Amino acid sequence: MRSAAAFLLTCMLLPACGNPQAVDLRSQLTPAQLEQVQQPLLLAEIEGINAMSTLIVKARNGEAVTWESGDRVSLTFRDGVLIGTRGLGDDLMSADVDNTLRMLAGRPMPEFYTRFQSRLDGEFQTAFRSFQCRRIAATPESITIVGRVHQTVRTDERCVSPGLEVTNSYWRDATGFQWKSRQWISENAGYLLSERLVR
Amino acid sequence: MPTAHGRPDAELGFTTSYFRNQLRNTLTFQVTPRLSGSFRYSNIYDLTLGSGSKSEFLFDRSFSLHYQLATETNFRPAIAIGLNDFLGTGIYRSEYVVASKTLTPRLRVTGGLGWGRLGRVEGFRNPLAVFSDGLATRDAREGNQGGEIEIKNIFQGDAAFFGGVEYQATDKLRLTAEYSSDDYPFEGETSFDYRIPFNFGLNYQLRRGIDLSTHYLYGSELGVQLTFSFNPKEPPFFSGLDKAPPPVVRRADVSARDLGWPSQPSARANVQARLANALDTTGLKLHALSLDERTARVEIENRTYLAQAQAIGRTARAMTAVMPASVETFVIVPVVNGIAGSQVTLRRSDIEALEWDLDGSWKSYVRADIAAPDERLQPRPGIYPRFTHDIRPYLQPSLFDPDQPVRADAGAELFARYEPAPGLILQGVVRKKVIGNLDEATRESDSVLPRVRSESNIYDREGDPALKELTAAKFFRAGPDLYGRLSLGYLESQYGGISTELLWKPVERNLALGVEINYVKQREFEQLFGFRDYEVATGHASAYYDFGNGFTGQIDAGRYLAGDWGATFSLDRKFANGWKVGAFATFTDVSFDDFGEGSFDKGFRFVIPLGWISGDVTRDEFATTIRPITRDGGARVSVSNRLYNMLEDTHEPGLRSGWGRFWR
C-alpha cells in the first residue's frame, strides 16, 4: 500500500499516467489507497492532450499554490482558480482572475466582468487575451470522487473573447472548499479537469 | 501566371511541378508581409535556345521578387509588381503588374500586364513607351554568365495581358482557369507541344500545408504540382514542452532577515553546493558565485535553453530557494566560452512578487538592469579543466551539380572539447561517412582563379575519415565592450592556420563592429594533417546591425581567399524562436567573367532550431547555406565560434526578444 501511495505522488502526466492507452486513472484508484496519502493530492486531466496525472503541492507564493506532477508538469491556482501551467506546450503563462474569485466568493458583482490571461505566441512573445465573463448557473450537485461523495454547488462561468467561448465550472462545498473544477487553459491544451483526491 | 496575393508573412513554400520535359522546384519565402522572394531550380529538356541551336537540356537557376503595392480592400483589388529571373541566365526573364480581387468569398479574379516572356501572346506596343522610346523594344538577352542584373531590359518591349479566375469549390478543392501570355519561346516547339494559351487546374489540399494540383496545360499537356508550406512563426509544439521551472520560494518574513549568516563558516559553501545542484536539475551550470550579506553574483553557463532570458529566469527562481534571506540583489551573468556576455541585475522582491503577475514578463524586464559585466569571478573549483565529448550523426548535402542536382553524405561525427581554463578551448571534430554519394561528384573545376573553393568535391571524395576541425582557441575580453578571439589549427575542412578577431559590441546597442584577420593554408584533400601549397592572408572589417524589427544586416569588407578584395552584404530575418532565413551576396574585384558561371558569390542561409521541430528543450540547430553555385571568388574561411553569433543572445537585443520566456 505504501508503494501505491508513493506511485500516486510521482505519477507522470505525459502520456496519461501509468498507461499509455490513457485508461482512466480514476479506475485504478481506491479510497483505501488514498487513506495512505498524508498530503494534499490532486488529480488533473488535460483534455486537449489526453493526459492525466496526480499532483502534489510544490510551492506557495502568496495566494498562488503550485502543484506538480512527477514528470514536472505544474498547475498553479489562486483559491482553486487556474492562473498558470507549465510543461503542457501551449501553456497558460499568467492570468488575472480577481473578478472570478470575487464572483465565487459571492461578493456583489456587475453581471459582466473581465478576466485576462496570457500565453506565448509562435515567436515566444507574450500574447494577452481578455474575456468578458458572467456567472450562468449555480446548482447544487452531489459528486463522487474515488468512492467519496461530496455535496457541492456547481458554479458555471461563461467567458467570451473574440472567436472563442469557454465555460469554466467550479464544484465547491458549503465551506467553500473546491473539490472539482473544469477550467479552460488554452486552445491547444484545451480544458483542465481537476479533482481533489486528498484534502 | 502570377497573382497579386502573397503568402502569409514569413511563410516558406516549396513547390515541385512537372509536365513534359519541365521540372521546376521553387522555394519561396515571404520576407515581409508584402515582399516575397523565390528561388527556382528547373530542369528543362529538349529546349531550343537562340538561333536554331538545339540544347539537350538546361539546369536553370533563377530568382524572382514579388512586391504587393496595395492590399485588397472592399473597393480595390490587391495590386502587385514582380520581377522574374532578373539574375541568372534569364530564360524566364519577365516583369508584370497584376491585380487580384476577391469577388465573392469563393471567387477571385486576376488580370495583369506582362513584359518579356509574359508579353508575348497577342503582344502590343509597350504602353510605357510614352515615357521613353527606348522602352518600345526589348534588347536581346545577353546570355551572360548569369548573376548580372540586366536592369536595362526591365519593362522593355512589347507588353501583353494575362488573366485568370480561381474558384474555391469546397474547403479543400479549388478550380483555376488562366489565360497565359507566356508562349514558351524556348520550349514551345521542341520540348512540348504548345497549342493554345489556356490552362485549367484542380488544386486539392491534402492536409494543412500540403497541396496537390493537376493541370491541363497549353492544349496538350497534363502537369502535376505538389506544394509544401509552413511558417516559422507557427511551431508545431507551440512554445515548447519545457518542464516546469523551479518554483519561486518567497522569504517567510521580511523582518526576520538574518544578517549574521556570513559568520557561519559553512554557510557560503552550503549555498554554493545547493545552488549548483538546483541549477543542474534545470539544465544549467553554475560557473562562479560570490556572496555578501546583500548581493549574490552568479555566473551561469547555459547549454540548454535557446533563450538566455529563460536561463536567467530559471537561475533567479533557483536562487530564491537557496539564498539567505538578507540577500536582496541577484546579479546573473551568462558566460559563453569563458566570456561573460552581460550582467542582469534583479531585485529578489520583484522575483517574489511577479512570478504569477499577469504582466510579469514585461514588468520583470523593465525592472531588470542589463549591463556590461563589471567584475569577473574566480570559477568554482572543479569546473576546470573540463572535458566533453559527443558522438552524433551528420548530414552533408550538396545541391545543384548539373550531373546530379541532389547528393548527400551521412555518417557519424565525433566531437571532443577540452577546456583547461576559462576561455581556452581545444576542440576537434572527426567525421566518418557511413553512406552517401558525394564521392560521385567528378566535375572538374574550370576556374581561372586560385581554386580556393571550387574543388570542394575532391575534399568530399577524399576525406573519409576526415579531420574537420582541430583547433586551440582563446576567447577574452579586451576592454569595455571589446571581445577577442584567437584560433589556431585546422580551422575547417579545407583550411588551417591562424584566425584572430576583435569585436566591439556594447551590451545595450544594436550596432557592433568587428575585425578579423586570418593567415591560412589550404589543406590536403584527405583532410588529415597535411597541407597543399596555397596560402593566403585574408581578413575583414565587419559591421553588424540589428534593425530591431526582426531583421539584422551585416557588411563584411576585406580580402577573400583567392586574394580578391571586396565586400559581402547579408540580410537575415531572425525569429525570436531561433529561426533565421537570410540572403547574402559578395562582390569582389574578380570580374564577372573570371568568376565564371553565376558572376558573383551569393546564396541563402537557414538556421532551423531543432527544438522548434521536436518541442524539446535544446540549443541545437540545423544551419545550412545554399549557394546556386560555389566558385572561387568571394570565398571566406569558415571558423568556429565567431564572436558576434556567440555573444549575440547574451546582449540586450537578444535578451529582450527572448524575455517572454523569463517565467517559463
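Q: What joins β2(B) to β3(B)?
A: A hairpin of four residues links β2(B) to β3(B). Strands here are DSSP runs of E with at least two residues, helices are runs of H or I with at least four, and each kind is numbered from the N terminus. This is a predicted model, in which local features need pLDDT of at least 70, side-chain atom pairs count only at pLDDT 80 or more, and totals for chains, interfaces and linings use all residues. Residues are numbered from 1 along each chain as its sequence is written, while chains are lettered from A and ligands numbered from 1 in the order in which they are written.

Q: Why are β5 and β6 of chain A left without a neighbour on one side?
A: In chain A, 12 strands form an open sheet with antiparallel pairing, in the order β5-β4-β3-β2-β1-β12-β11-β10-β9-β8-β7-β6. β5 and β6 of chain A stand at its edges with a single partner strand each, so one side of each has no neighbour in the sheet. Neighbouring strands are turned by 30° against each other on average, direction ignored. One of the pairings is that of β7(A) with strand β8 (residues 126-145) of chain A, which run antiparallel and share eight bridges. A:R119 stands opposite A:A127 in β8(A).

Q: What makes the two chains partners in contact, and how many residues of each take part?
A: Residues are in contact if their C-beta atoms, placed from the backbone, lie within 7 Å. By that criterion, 31 residues of chain A touch 32 residues of chain B. At least two residues of the chain A side come from each of β2 (51-61), β3 (64-68), β4 (74-78), β5 (81-86), β6 (94-96) and β7 (113-120). That side has nine nonpolar, 14 polar and eight charged residues; Ala, Val, Leu, Ile, Met, Phe, Trp, Tyr, Cys and Pro count as nonpolar, Asp, Glu, Lys and Arg as charged, and the others, Gly among them, as polar.

Q: How do you know that helix α1 and helix α2 of chain B meet, and which residues are involved?
A: B:V271, B:R274, B:L275, B:A278 and B:L279 of α1(B) meet B:T315, B:A318, B:M319, B:A321 and B:V322 of α2(B). By class, this contact has eight nonpolar, one polar and one charged residues. The axes of helix α1 (residues 267-281) and helix α2 (residues 308-322) of chain B come within 9 Å and cross at roughly 140°. Axes are lines fitted to C-alpha atoms, for helices over the stretch in contact, and angles run from 0 to 180 degrees between N-to-C directions.

Q: Why does the radius of gyration of chain B agree with that of a compact globule?
A: The radius is taken over C-alpha atoms, and the globule rule is 2.2 Å times the number of residues to the power 0.38. For 664 residues the rule gives a value near 26 Å, and chain B has 29 Å, which agrees. Along the principal axes, the C-alpha atoms of chain B fill a box of roughly 95 × 65 × 50 Å.

Q: Where in chain A does pLDDT stay under 50?
A: pLDDT, the predictor's confidence in each residue from 0 to 100, stays under 50 over residues 14-21 of chain A. Where pLDDT is low, the predicted coordinates should not be read in detail. Chain A has a mean pLDDT of 90, with 88% of its residues at 70 or more. For chain B the average is 92, and 96% of the residues score at least 70.

Methods
Pairing = 2+ DSSP bridges.
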